[in-house]
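Here is a short briefing on a protein model with more than one part to look at. Keep the structure open while reading and find each element as it is named.

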Amino acid sequence: MLSNTCPSLTVSSLAAVRGETRLFSDLSFVLEPGQLLFIQGGNGCGKTSLLYILAGLRLAETGTVAWGGTDITQLGKQFHQQLCFVGHQNGVKAELTVWENIQGFQSLKTGKAGDIQACIDTLGLAGYEDSLAYQLSSGQQRRLALSRLLFSSQPLWILDEPFTSLDKGSVRFFESLLVAHSQQGGMVILTSHQALDLSGSEAVHLELEKAA
Amino acid sequence: MDAVMYMIRRELLLAFRQRAELVNALLFYSFIVVLFPLAIGANAKLIATVAPAIIWVAALLSVLLSIDRTFRSDFEDGTLEQLILSDHPLSLLVLGKILAHWLVSGVPLLVLTPLLTLFLGLDAGSSKVLMLTLLLGTPVLSAAGAIGVALTVGLRRGGILLALLVLPMYIPVLLFATVMVAHAKAGAPVAADLSMLIAFLILAITLAPLPTAAALKVSVS
Amino acid sequence: MKFPFMPFLHRISSPPRFYRMACRWIPRLGWTGLIFMLVGLVWGLGFAPPDYQQGNAFRIMYIHVPSAWLSLFIYTVMAVSAVIAFVWRIKLAEVMIIANAPIGATFTFLALVTGSIWGKPMWGTYWVWDPRLTFELILLFQYFGVIALYTAITDRRVGARAAAILAMVGIVTVPIVHYSVVWWSSLHQGSSFKTLDNPAIAWSMLVPLLIMFIGTNLFYLAVVFLRSRNELLLREKQTAWVGEILDKGV
């Protein structure tokens, strides 16, 4: 089980505007612990914007996101400590080695104590410990970025297209990781263009439509 | 404090891996210093008189050039998002980056300066005072520069805009530093100038991380 | 952050309400301002007595002093709007930053130019690197910086937030300019106003200056309302209330 009991995430009448275009408006839903929200939609319909707003990285035009009843813009750091975010970009430093990158992830976010070597083996990166990250393939870099999840003790995971450029085996591994996290009472919010096998978890689908 | 130390360690490691960049910045600094005597011509007395100004303008420009890289690569590879969402206050991480930037670009500049003042024919007394102003002033340049970089990091072509935003903040430091060297040379008391520079240093290190952190959050969104 | 006056702040800053208010006040402020400025200028340039030291050269004061005051005042207004915009995200405050910046830059420029013209007969040079002049020049660059940063960022709201941070940081220059003649021995003369009981200059010179002062301030208010009204319409062009105005064809 997760160390802290996870409150629910309440989104009420959220609207986002990018430049002059309205991406979505009046979006409301509640996500309970143990649920997995799978956001789908075509390019440019505001999936990434929505994730940014849910993570508290971007301000909504109108509407609120509340964590356990309190607006996340007021919670600030308190909310961020409950959140593990892997964005569209990996957040991997190209000039640091695999090992140093993972050390860096752990310094920025306190999580479960874990052995870096075991983590590298699980990721299938054994033998690359001392390789600089830019020497890895894009799929390997993505795996390195997702290694944050292996140590994460945060109840809320927000993942933007986590499975791009991953091979089949890795996709299956991370799928099962997401399912396990939600079964333990965590929450997952993710976007993906791929069809995913998330059986065993309580998956909620959200289809964003391109605003007219 | 852990957060500050982590950022400093990481930045130093990254700077070490890209040491060519570091050398380039120092070469740039020396080149600007060399350009002035070439432009002024064989007038040793004049060159020695304007030497502190030359050194300061060169230092200012080379810091402006190197500061742009502090947050840009973090922005491009997505590390900035992770820094914002980390467990530590962003302003502390920013403070770490500012200190690391000073260690990586300010300190080598300080080490190189005595050689350049010799080359410009500056007397030993003024040279010492100049070094003191640089020691107090270059961290201010790093800190104030960070605000400008944080504001422009999301823009594809931020370079010239960065100069427009940051140079006005640099002018007070430049003024007090060069005035202090001139006062020392003339035998006038320098306590007032010195305390102004120290005040700038304290204010910049304590306050600059706050607007920088706020600006980074705006730039990411 | 929540304060008791928040509902009030939100109510008066609602865009349609502000639009109606601006429409009512722009002509009133603008015309009164122009009349005051005309009276002040004619009086100051034509009828006020010449200065016993500076002769007729002092008359440029009637433009220089109000411009210099406005250059600082507008920056302060901009910085206060920036704080409100940043903390409470009030749209009108964001608009105010951008509406103020070019006006402030213009008055700063005017203050610098008139100051230089005044400096030539008084100090024998158009420009000296005196603290007040230097920091006034920095202020001009700061206005340019705010404008440039806002225009460089495509998303208006993000741009306004970035500009707000810059405007807040730059506020330190305002007290420096204001107190520079006190802090440093300076070529620039001291304040013409100080206290009304004991003015530094004769009443016959001061009255037209006060009239100019009122005139330029009213004029500034009219222009800032005009600019913020336009910016607000541009920003809100997809909303219903702008649609109604467009339908009416105002």
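Of the 221 residues in chain B, 49% are buried. The model is a predicted one.

**Chain B: overall form**
- Chain B contains 10 helices and zero strands.
- Read from the N terminus, its elements run α-α-α-α-α-α-α-α-α-α.
- A compact globule of 221 residues would have a radius of gyration near 17 Å, and chain B has 18 Å, so the two values agree.
- The C-alpha trace of chain B spans about 55 × 35 × 30 Å along its principal axes.

**Chain A: the five-stranded sheet**
- An open sheet in chain A is built from five strands in the order β6-β7-β8-β3-β9, with parallel pairing.
- Its edge strands are β6 and β9 (202-207) of chain A, each of which pairs on one side only.
- On average, neighbouring strands of this sheet are turned by 15° against each other, with direction ignored.
- Helix α6 (residues 138-151) of chain A packs on this sheet and touches β6 and β7 of chain A. The direction of α6 makes about 170° with that of β6(A).
- Within the sheet, five bridges connect strand β7 (residues 156-160) of chain A with strand β8 (residues 187-191) of chain A in the parallel sense.
- Opposite Ile158(A) stands Ile189(A), which belongs to β8(A).

**Chain A: a hairpin**
- Strand β1 (residues 9-18) of chain A and strand β2 (residues 21-31) of chain A run antiparallel and are joined by seven bridges.
- Leu14(A) has Leu27(A) in β2(A) as its bridge partner.
- Together β1(A) and β2(A) form a hairpin, with two residues between them. In the turn, Gly19(A) has a positive phi of about 60°.

**Where the chains meet**
- In chain A, 24 residues are in contact with 19 residues of chain B.
- On the side of chain A that touches chain B, α3 (77-80), β6 (83-86) and α4 (98-108) of chain A each supply at least two residues.
- The largest share of that side, three residues, comes from α4(A).
- The residues on that side of chain A comprise 10 nonpolar, nine polar and five charged.

How values were computed:
Residues are numbered from 1 along each chain as its sequence is written. Chains are lettered from A and ligands numbered from 1 in the order in which they are written. This is a predicted model: local features need pLDDT of at least 70, side-chain atom pairs count only at pLDDT 80 or more; totals for chains, interfaces and linings use all residues. Two residues are in contact if their C-beta atoms, placed from the backbone, lie within 7 Å. Helices (H or I, at least four residues) and strands (E, at least two) are DSSP runs, numbered from the N terminus. Ala, Val, Leu, Ile, Met, Phe, Trp, Tyr, Cys and Pro count as nonpolar, Asp, Glu, Lys and Arg as charged, and the others, Gly among them, as polar. Two strands pair if DSSP finds at least two bridges between them. Axes are lines fitted to C-alpha atoms, for helices over the stretch in contact, and angles run from 0 to 180 degrees between N-to-C directions. The radius of gyration is taken over C-alpha atoms; the globule rule is 2.2 Å times the number of residues to the power 0.38. A residue is buried if 20 or more other C-beta atoms lie within 10 Å of its own, exposed if 12 or fewer, and partly exposed in between; C-beta atoms are placed from the backbone.
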